[in-house]
Amino acid sequence: MIQMQGVTKSFGTNRVLRGVDLTIASGSSMVIIGGSGTGKSVLLKCVLGLVQHDAGTITLDGQDVTKAERDAFLARFGMLFQGGALFDSLKVWENVAFRLMRGAAKRPKAEAREIAIEKLRRVGLKPDVADQFPAELSGGMQKRVGLARAIAAEPEIIFFDEPTTGLDPIMAGVINELIREIVVEMGATAMTITHDMSSVRAIADQVAMLHEGTIKWSGPVAEMDATPDPYVQQFIHGRATGPISAVR
Amino acid sequence: MSPSLLLRSIGRPVLDMVAAIGRVALFAVQIISHLVRPPFYGREFLNQLLQVGWFSLPVVGLTALFTGGALALQIYSGGARFNAESVVPSIVAIGMARELGPVLGGLMVAARVASSIAAELGTMKVTEQIDALTTLSTNPIKYLAVPRVLAATLAVPVLVAVGDSIGIMGGWLVGITRLDFNSATYLKNTLDFLEAWDVGSGLIKGAAFGFIVALMGCYHGMNSGRGAQGVGRATKSAVVAASVMILAANYLLTEVFFTS
């Protein structure tokens, strides 16, 4: 279980997170929604320790993430980055098998390659993609490779940062389905940040609305449409008027 | 201007500069501490050795060739004022080995390698590849910076040695074709007056300059600002900082090596 209590983070005078309280139960899929620049990515990076939060606590299974042994802690996570964040200098299979060829989970090269090809197949890519470089792939294919890399070491927790941004609706649908299938199949805890409401409906068990650095509403996805919360209603219906200012 | 405003306008840049020096020093200490702790990334190191060493040979070689030739012409025409034309071979050799080989080699590597490292790592930073490394349980300093710094520190002295030889050859070529030197006499004069420490001090300078070049490339790349402008600024800062630091380090090392 991931628990955040009173998490704050400022960059200079810009107070991005102003006291976030959120709990993500083990094995559940939490989707955080909110407008651009509301701190969704920062929150996710605070959990991983990529950004140090200023105050508050973040715990994973009761242990403070800032005090956890770093390698063991990160070994429990997989992450799909918004732009894929694939390593340009490495072939696709080397990207997917990156974690399998280094550190505690190190396997022989041939085995790592075999697992990488299997994971590529799992995300709908043919084995011949394995020997290409990321720059030779389309945006959708890069997202799939990123997804294959995130699940390669079968992590307990997977983070998805804007998984469908920049994709056409069909490819976005394919990625959403893949994420849902993989999360269910692996029994992983998932945390996704997105603006895409079709992603929310496809991926989420639970939804949290982040605005002005705090969680304005959270609850099961089934209750999202019926909630009277004005922030959620404005966001999911894409209205220009409401408590969320269009000019931010 | 009031005294407090004056003090503030001086104090702020000074504090910023001290803070920047501190950050670079801490970054260098981190790299050095990772040099001796596993895991070691041998493949990345060999790749960087190829990038920094082998691919810099043409630019360093050409620079040395033309510098050696020009140096011979300058010393000949300058020396003619006090009948010292005969010192051309020894001055070219000593000048190349002690000073021009390491400094010009270092500056050419700074232009080629510091910019390339800063642009590559800066792009990795803005496309979240460095964050991705962390999430894959890989320390970015150990995986990206250590192989580059180690490779440059080892490769630049070799480049300097090659540059020294080519520079001396450039002087010899000009000497025998333009200045009417006898080939055998020119070479004998070169060897007679060149001491091992002339070459050794230049190689030590080369190692220091290689370290500076890669350190600046990695530091500015890994701390790049956002977007294309951020990467551009990081690249420019890396080259400028590396070049200035090479010239400053050259003066300090020369003081240490030749005035004590």
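User: Where in chain B is the place of Asp180(B)?
Analyst: Asp180(B) sits in a loop of chain B, with helix H6 (140–178) on one side and helix H7 (183–193) on the other. Keep in mind throughout that this is a predicted model.

User: What is the phi of Asp180(B) near, and is it positive or negative?
Analyst: Phi is near 60° here, a positive value in a residue other than glycine.

User: Which loop holds Asn83(B)?
Analyst: Asn83(B) is found between helix H3 (57–79) and H4 of chain B. Its phi is about 50°, which is positive although the residue is not a glycine. Asn83(B) is exposed, because 7 other C-beta atoms lie within 10 Å.

User: What kind of peptide bond joins Pro38(B) and Pro39(B)?
Analyst: The value to read is omega, which is about 0° for this bond, and the bond is cis. Pro39(B) belongs to the loop between helix H1 (3–35) and helix H2 (42–52) of chain B.

User: How many helices and strands are there in chain B?
Analyst: Chain B has 9 helices and 0 strands. Along the sequence the pattern reads α-α-α-α-α-α-α-α-α. Its C-alpha atoms fill a box of roughly 65 × 60 × 35 Å along the principal axes.

User: Into which domains is chain B divided?
Analyst: Domain 1 covers 1–33 and domain 2 covers 42–258. The centres of these two domains of chain B, taken over C-alpha atoms, are separated by 28 Å. In the contact between them, 5 residues of domain 1 of chain B meet 6 residues of domain 2 of chain B. The domain 1 side of that contact has 4 nonpolar, 1 polar and no charged residues.

User: How many residues does the largest nonpolar core have?
Analyst: A core is read as a set of buried nonpolar residues joined through C-beta atoms within 7 Å. The largest one here has 143 residues, and Val213(B) and Ala242(B) have the most contacts inside it. Helix H4 (residues 88–126) of chain B gives the most to this core, with 20 residues.

User: Which residues does Ala242(B) touch?
Analyst: Leaving out residues up to four places away in sequence, Ala242(B) touches Ala110(B), Ala114(B), Ile212(B), Val213(B) and Met216(B). Across chain B, 47% of the 260 residues are buried. Of the contacts in chain B between residues at least 6 apart in sequence, 87% join residues at least 24 apart.

User: Now for chain A. In which sense do strand S1 and strand S2 of chain A pair?
Analyst: Strands of a sheet pair through backbone hydrogen bonds, and the sense is either parallel or antiparallel. Strand S1 (residues 2–11) and strand S2 (residues 14–24) of chain A are antiparallel, over 8 bridges. Within this pair, Val7(A) has Val20(A) in S2(A) as its bridge partner. S1(A) and S2(A) form a hairpin with 2 residues between them, and Gly12(A) in the turn has a positive phi of about 65°.

User: In what order do the 6 strands of the open sheet in chain A stand?
Analyst: The order is S6-S7-S8-S3-S9-S10, with mixed pairing. Strand S6 (77–80) and strand S10 (214–220) of chain A are at the edges with a single partner strand each, so one side of each has no neighbour in the sheet. On average, neighbouring strands of this sheet are turned by 15° against each other, direction ignored.

User: Which residue stands opposite Leu80(A)?
Analyst: Leu80(A) faces Phe160(A) in S7(A). S6(A) and strand S7 (residues 157–161) of chain A pair in the parallel sense, over 4 bridges.

User: Which strands does helix H1 of chain A lie across?
Analyst: Helix H1 (residues 40–48) lies across S3, S6, S7, S8 and S9 of chain A, at about 150° to S8(A). Helix H8 (residues 230–237) of chain A lies across S3, S9 and S10, at about 100° to S9(A).

User: How many residues does the contact take from chain A and from chain B?
Analyst: The contact takes 15 residues from chain A and 11 residues from chain B. The chain B side has 3 nonpolar, 6 polar and 2 charged residues.

How values were computed
Residues numbered from 1 in each chain as written. Chains lettered and ligands numbered in written order. Predicted model: local features only at pLDDT ≥ 70, side-chain atom pairs only at ≥ 80, totals over all residues. Contact = placed C-beta atoms within 7 Å. Nonpolar A, V, L, I, M, F, W, Y, C, P; charged D, E, K, R; others polar. Buried ≥ 20, exposed ≤ 12 C-beta atoms within 10 Å, placed from the backbone. Domains from an automatic or database assignment. Pairing = 2+ DSSP bridges. Axes fitted to C-alpha atoms, helices over the stretch in contact; angles between N-to-C directions.
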